[in-house]
Amino acid sequence: MIVALLIAHALLAVALLGAITHQALSVAAPAAHGRWTFIDRFRGVDSAAYATPVVVLFTVTAIGGALLYPQYRVDVRPALEDMQNVAANGVFEIKEHLVAIGLGLLPAYWTFWRRPLGPDTGGARRGLTWLLAVFVWWSFIVGHVLNNIRGLLP
């Protein structure tokens with residue numbers, strides 16, 4: 001059951017990573033019209049359309065992580081402590097805090113993306129989107145690396 005939950009958690013994290021990355025790049029520098037390189041297509045999306053999927057995916061992925069957390073505390077963390085790998089435990093602690101902060105930011109993120117899209121809210125939308133994008137990328141990379149570390153242990 002844990003393996004299935006871990007796979008589902010990883011798939012949701014990839015979907016969230018894609019959605020928040022598309023949105024973050026689209027608010028950073030809108031695509032130039034007339035040119036359509038790969039990068040222009042990547043950031044030339046309707047950024048407001050990603051708000052609801054980001055909120056849902058972030059919440060569901062965080063819940064999945066919370067369901068996996070007891071297994072981490074029982075299996076992975078003691079193994080890392082036995083190896084005296086305090087850095088791995090430390091970055092996971094940071095990940096936990098960033099996800100909690102991200103959950104707290106979701107209502108503000110949702111509010112700014114639900115308002116009429118005008119120049120007065122553009123800075124807040126951009127800032128909140130990039131903050132969530134950094135949190136998601138950090139969490140994804142740390143989770144992936146820790147999963148691999150645990151898989152390499154005897």
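Predicted model: local features only at pLDDT ≥ 70, side-chain atom pairs only at ≥ 80, totals over all residues.
## The largest pocket and its lining

Helix 3 gives the largest share of the lining of the largest pocket, with 11 residues.

How can empty space be found in a structure at all? Rolling a probe the size of a water molecule over the atoms shows where such space is left.

## The chain as a whole

Let us step back and look at the overall fold. The protein chain contains 5 helices and 0 strands. Read from the N terminus, the order of its elements is α-α-α-α-α. Along the principal axes, the C-alpha atoms fill a box of roughly 55 × 30 × 30 Å.

The protein chain has 154 residues, and 34% of them are buried. Among contacts with a separation of 6 or more, 71% are between residues 24 or more positions apart.

Is Leu 16 buried or exposed? Leu 16 counts as buried because its relative accessibility is 5%, and the cut-off for buried is under 20%. Setting aside neighbours within four places in sequence, Leu 16 touches Val 54, Leu 57, Phe 58, Thr 61 and Val 136. How far is Leu 16 from Ala 87, going by their C-alpha atoms? The two are 71 residues apart along the chain, and their C-alpha atoms are separated by 26 Å.

Val 14 is also part of helix 1. Val 14 has a relative accessible area of 46%, so this residue is partly exposed. Along the chain, 122 residues separate Val 14 from Val 136, while the distance between their C-alpha atoms is 9.6 Å.

## From helix 2 to helix 3

Now move along to Val 45, in the loop between helix 2 (38-43) and helix 3. Val 45 counts as partly exposed because its relative accessibility is 23%. Which residues does Val 45 contact, leaving aside its neighbours within four places in sequence? The answer is His 22, Ser 26 and Tyr 50.

Helix 3 covers residues 51-82, and Arg 77 is part of it. Why does Arg 77 count as buried? Its relative accessible area is 18%, and the cut-off for buried is under 20%. Apart from neighbours within four places in sequence, Arg 77 is in contact with Tyr 72, Asn 89 and Glu 93.

Further on comes Gln 84, found in the loop between helix 3 and helix 4 (86-114). Is Gln 84 buried or exposed? Gln 84 is exposed, because its relative accessible area is 69%, and exposed means over 50%. The backbone is worth a look here too: phi of Gln 84 is near 55°, a positive value in a residue other than glycine.

Methods. Residues numbered from 1 in each chain as written. Heavy atoms only, no water. Helix = DSSP H or I, 4+ residues; strand = E, 2+ residues; numbered from the N terminus. Buried < 20%, exposed > 50% of the residue type's maximum accessible area, 1.4 Å probe, protein only. Contact = heavy atoms within 4.5 Å.
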